[in-house]
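Subject: Structure handover

Hello,

Here is the structure you will be working with. My notes follow below it.

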Amino acid sequence: MIDTLRITAEEAMGLLERREVSPAELRRAYLDAIAERNPELHAYLTVTADSPGDSVPIAFKDVVSTKGVETTAGSKILKGYVPVFDSTVAARCKDAGLSLLGKTNMDEFAMGSSTENSAFGPSHNPWDTDRVPGGSSGGSAAAVAGGLAPWALGSDTGGSIKQPAALCGIVGLRPTYGTVSRYGIVAFASSLDQIGPLTRTVRDCALLYRIVSGRDPCDTTTVELPLPVEIPEVEDLKGLRIGVPRELNEAEGIEPGVGVAVENAIELARSLGAEIGACELPRSVEFGMPCYYLIAPAEASSNLARYDGVRYGLRSDVEGGLTELYERTRHDGFGDEPKRRIMLGTYALSAGYYEAYYGQAQKVRTVISREFAAAFERFDVLVSPTSPTVAFRLGEKTANPLAMYLADVLTIPPNMAGLPSLSIPCGLSDGLPVGLQLIGPQFSENTLFRAAHALERAIGFDTVPERLR
Amino acid sequence: MAITRDDVLHVARLARLELSDEEVERFGGQLSAILDAVGKVSELDLDDVPPTSHPLDLVNVFGEDVPRPCLSREEALANAPDPEDGFFGVPPV
C-alpha cells in the first residue's frame, strides 16, 4: 500500500529500485488518489491515463508543452490545443523515465496568485478547500500537497512557484534565470519566466532540478550550470551567513502569525550554527512591485500577440476581415486578467510613455540587482516570509486586481535580479502553512538546497494537510 | 493618473483587442488605479543608471548552423482552426 500523501519521490525511487513496487503500481496509486481527491481539489485539468516511464511519475503545470497531450495554459484561447512537439523539460523528464500523470491547473497564462484566473475554474487548497492554493502554479502545488503527485513542475515569473508552495506547505524552487530551458513553455514575460520544481522535500527538489536544468541549444537564454547539482545531506548550518533584510521581513501586510513562524525559523538557523545579521534592501521592496507590474505586462502584451485565431487555438466567427477576426478572437478567448495586462503593457510601451514606464522600470531593475549584490557581499543567503499571508479564501481578492498583485510583494524582488530562491514550509499560522523564502546569488542553488535541507530537518514540518492525516 | 475612455479604446486598438462597453468602463477604472501604483517608479532619479533588459550577462549567443528535422506541413497545420489547401486560411485582408 503506497501512501501518496507521505511518500517522497526519492522514497518512491527506492521502492522501484528494490522492486518492491512496479512503475505501473506506483502510477496506479497516484491515479487512484487523483480519482478520489481531484474532484474536490481540481488540481488537474487533464489526467493522462497512459504514459510510459520506468521511474516515478510527475505532473506538469499546463504551461509545459507535451506532445500529444492538450496544453491550455489555463486559457480558453488554447482549449483543445495539442502540441506537436515536447518542451525541453518534458523531454528531459521523459528521458529520465518520469511518466506523466497529467497537466495541472493554473491562472490563465500564469497571470495570478490564486488559480482563480483559470478559465476552467479554480483549484482548492488541500489544507482547507475553502481557500486558494496560491498561484499561478496552484494546481501543481495542490497536486503535490494533496498526494496527487510525488512532484511537479511549475513556472515562476513574479512568484508563481514559491507562493503556492508556501500556501500549500511544500517546497518550491525558482531557479537562477537561464538554468532551465523555456523551449516549449507558453511564454508570459520572457525576461522573468523560469521553470522549477514543486516537491515535498528539499532533496526531491534538488533531484528534479538536476533532471531539468542545463543549457539547451533550443533556448539561447540558457547557460550550463557552473557546478553539478548536489543533493543536500549536511544537517547543520555551520559557517553559513544568513542575512535578514529588514524591508522583506517588516513589509506592510505581513500577518503576525507569518512573522512569528519566520522568526522561529531564523532562531532555529542560529541554533544550527548559522551567523545571523540584519541587512537592508532600501528600494527593492518598495519599488519591486511597481517595477514588476510594468515589465511583466509589457512583455506579456508582446508575447500574447501570437494568439490571433490564425495558426492555432480559438477562432471566433466574425463578419469582416482579418483585423476583425483578430480583435473578436482575442476578446472571446482571453479572460479579464490577460486583457488587463495586455492593455497595461501596451500602454506602457506606447509612444510617449515608453521612457517614463518601461524604460524607467528597467532602470529600477538595475537598482534592485545592485542592492542584492551589496547584501551578498556580507551574506550567503537572505531569508524572509515567502508570502505576507497564509492561504486566503476563494473570492477574497478577485474584485481588486491590485490587492491580488500584493500577494507577490516579497517574491518579486529576487526575481527581478534573476536570483534563485526557494520556499520551504516553516510552521503554521491559524492552522495553515507558512513559507520561508531563502534567496541566494545567481547559481547558488547548491547553497540554498543545503541551507533549506538543514532547516527542513530541524523544523520537522508535517507536509500532510491536517484534515487528511 | 486618469485613463480616459479614448485612451482605453486607443490602447485596445493597438493591441487588436475588442472590448465591450462594460469592459471599457471597468478596465478604464482598474488601469487608472494600477497606473497610479506603478507610476511610483518615476519617483526615483535614475538618469545615470543603465537599464536591465535581461538578468544574465549574455551577448550574441550563436548556434552552429546545423540542419535538423523540423515540423512537417501536416504537423504545422495540425492545430490550425481553418487550414485550406495546406495553408492557414484567413478571411480577406
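Helices (H or I, at least four residues) and strands (E, at least two) are DSSP runs, numbered from the N terminus. This is a predicted model: local features need pLDDT of at least 70, side-chain atom pairs count only at pLDDT 80 or more, and totals for chains, interfaces and linings use all residues. Residues are numbered from 1 along each chain as its sequence is written, while chains are lettered from A and ligands numbered from 1 in the order in which they are written.

**Chain A overall**

Chain A has 15 helices and eleven strands. Its C-alpha trace spans about 70 × 55 × 45 Å along the principal axes. The radius of gyration, taken over C-alpha atoms, is 21 Å. A compact globule of 469 residues would come out near 23 Å, so chain A agrees with that expectation. The globule rule is 2.2 Å times the number of residues to the power 0.38.

Buried residues make up 62% of the 469 in chain A. A residue is buried if 20 or more other C-beta atoms lie within 10 Å of its own, exposed if 12 or fewer, and partly exposed in between; the C-beta atoms are placed from the backbone.

Take the contacts in chain A between residues at least 6 apart in sequence: 77% of them join residues at least 24 apart. Two residues are in contact if their C-beta atoms, placed from the backbone, lie within 7 Å.

**Where the chains meet**

Chain A gives 54 residues to the contact and chain B gives 43. On the chain A side, the elements that give two or more residues are α9 (284–303), α10 (322–333), α11 (336–349), α12 (355–375) and α13 (401–405). The largest share, eleven residues, comes from α12(A). By type, the chain A side divides into 27 nonpolar, 18 polar and nine charged residues. Here Ala, Val, Leu, Ile, Met, Phe, Trp, Tyr, Cys and Pro count as nonpolar, Asp, Glu, Lys and Arg as charged, and the others, Gly among them, as polar.

Now helix α1 of chain B, residues 5–14. Its buried residues are B:V8, B:V11 and B:A12. They cover an arc of only 100° around the axis, so they sit on the same side of α1(B). The arc is that of the directions from the helix axis to the C-beta atoms. What covers these buried residues includes α11 of chain A together with α2 of chain B. After α1(B) comes B:R16, with a positive phi near 50°.

**Loops to look at**

A:P282 lies in the loop between β8 (275–279) and α9 of chain A. It counts as partly exposed, because it has 13 C-beta neighbours inside 10 Å. Leaving out residues up to four places away in sequence, A:P282 touches A:E247 and A:E371. A:P245 is 37 residues from A:P282 in sequence and 9.1 Å away in space, C-alpha to C-alpha.

The loop between β3 (100–104) and α4 (138–145) of chain A holds A:S136. A cis peptide bond joins A:G135 and A:S136, with omega about 10°. A:T115 is found in the loop between β3 and α4 of chain A. A:T115 is not a glycine, yet its phi is positive, about 65°. A:T115 is buried, because 33 other C-beta atoms lie within 10 Å.

In chain B, look at B:N60, in the loop between α2 (21–38) and α3 (73–77). Its phi is near 45°, a positive value in a residue other than glycine. B:N60 counts as exposed, because it has 5 C-beta neighbours inside 10 Å.

Best wishes
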